[in-house]
Amino acid sequence: MTVAVVSGAASGLGQAFAAALAGAGYRVAGLDVADLGETGALVEAEGGELLRVECDVRDQESVDAAVDEVVTEYGALHVLVNNAGVYPQLPFEETTLADWQRIMRVNLDGPFLLTRAALPHLRAAGWGRIVNIVSAVVFLGPPELVAYTTSKAGLVGFTRALATELGPANITVNAIAPGLTRTATSARTTGADGGFERVRDLQCVPRIEEPRDLVSTLLYVCDRGSGFLTGQTINVDGGSAKH
Ligand SMILES: NC(=O)c1ccc[n+]([C@@H]2O[C@H](COP(=O)([O-])OP(=O)(O)OC[C@H]3O[C@@H](n4cnc5c(N)ncnc54)[C@H](O)[C@@H]3O)[C@@H](O)[C@H]2O)c1
């Protein structure tokens, strides 16, 4: 059975991804610093079982232990979804070095550490899929998200360069760029004070993006048949950024 790890699976997109992968027949492990109980229930509703792993993606020991736990429990690892991320709104001139580093640590160190820990297992399996969740902000460059946009643009570069390195190993590396999507976190931050409606009005598809809008793209990229799709950033934002 195909084994998938989703980071940041306790809420929002990661939760929807974990449930969807379970529904599609993957064995799923969710990694998060937050409680994974709600995601476990959703995965069970899809007929699967969630391996819940407490993990801070910024911390090498924590990441290595989490990947070991998944492979010990499930015997293999094929798919890694680097989804854990933070997106605080900060005017650039009020952004401190500590703010900048906090964002880079989750959004860039996290995928680096998890990917490095997972790779020996993907190589051992003879194939693999690495999916990095970036953001349509890399195309749009909105204000008050300079550090965040920089981190996600870095993850696009990571995606492209790593795809080249891992192509011969039958491992694809792609990024999915959601637009502003309704989650508990975005409702408190970027979507608050009319944010969802403002973004909706810039889209070709005039409704607010929901986590389920990203699921078919995730499953497509992870599919065993998608082995010729690599190094790409697939923008799923209702058409607000066209590239
Ligand atoms: N919601 C949106 O509008 C939107 C749009 C584009 C991209 N994204 C990206 O999608 C991803 C998920 O966003 P979301 O809205 O679902 O956010 P969310 O806050 O609901 O989920 C993020 C999860 O990551 C976890 N997390 C944070 N720091 C962590 C750490 N150090 N170690 C392990 N887990 C950690 C959180 O506990 C949380 O469960 C992020 O990478 C975000 O940048 C979101």
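**Group meeting talk: a ligand shell and selected residues**

Good morning. The structure holds one aromatic pair. Rings of Phe, Tyr and Trp (its six-membered ring) pair if their centres lie within 6.5 Å; planes under 30 degrees apart count as stacked, over 60 as edge-to-face and the rest as tilted. The pair is formed by Y87 and Y148 and is tilted, with 5.8 Å centre to centre and 55° between the planes.

Before I continue, a word on the source. This is a predicted model, in which local features need pLDDT of at least 70 and side-chain atom pairs count only at pLDDT 80 or more, while totals for chains, interfaces and linings use all residues. Residues are numbered from 1 along each chain as its sequence is written, and side-chain values use heavy atoms, with hydrogens and water left out.

Where do Y87 and Y148 lie? Y87 is in the loop between β4 (79-82) and α4 (97-125), and Y148 is in helix α6, so the pair ties together parts that are 61 residues apart in sequence. Helices (H or I, at least four residues) and strands (E, at least two) are DSSP runs, numbered from the N terminus. Both Y87 and Y148 are buried. Buried means under 20% relative accessible area, exposed over 50%, and partly exposed in between (1.4 Å probe, protein chains only). For Y148 the relative accessibility is 9%, and Y148 therefore counts as buried. Y148 and A4 are 144 residues apart in sequence and 26 Å apart in space, C-alpha to C-alpha.

Let me turn to the ligand.

I now come to individual atoms. In the side chain of Y87, an N or O atom is 2.6 Å from an oxygen atom of the ligand. An oxygen atom of the ligand also lies 2.7 Å from a backbone N or O atom of T181. At C55, a polar backbone atom is 3.5 Å from a nitrogen atom of the ligand. A polar contact is a pair of N or O atoms within 3.5 Å; within protein, one must be able to donate a hydrogen and the other to accept it, and residues adjacent in sequence count only if both atoms are side-chain atoms. On its own the ligand has 810 Å² of accessible area, and the protein covers 92% of that. Accessible areas come from the Shrake-Rupley method with a 1.4 Å probe; for residues, only the protein chains shown count as cover.

Next, R182, which has two partners to report. The charged end of R182 sits over the ring of F196, 5.8 Å from its centre. A charge sits over a ring if NZ of Lys or CZ of Arg is within 6 Å of the ring centre and within 35 degrees of the ring normal. The side chain of R182 also makes a polar contact with the side chain of E210, at 2.6 Å. E210 is in the loop between α8 (195-200) and α9 (215-222), and is buried because its relative accessible area is 15%.

What does the side chain of N174 reach? It is the backbone nitrogen of Q232, at 3.0 Å. N174 itself is in strand β6 and counts as buried, at 0% relative accessibility.

Finally, I draw attention to two residues with backbone angles of note. E144 is not a glycine, yet has a positive phi of about 65°. E144 is found in the loop between α5 (137-140) and α6 and is partly exposed at 37% relative accessibility. N170, likewise a residue other than glycine, has a positive phi near 70°. The loop between α6 and β6 (171-178) holds N170, which is partly exposed at 45% relative accessibility.

That concludes the presentation.
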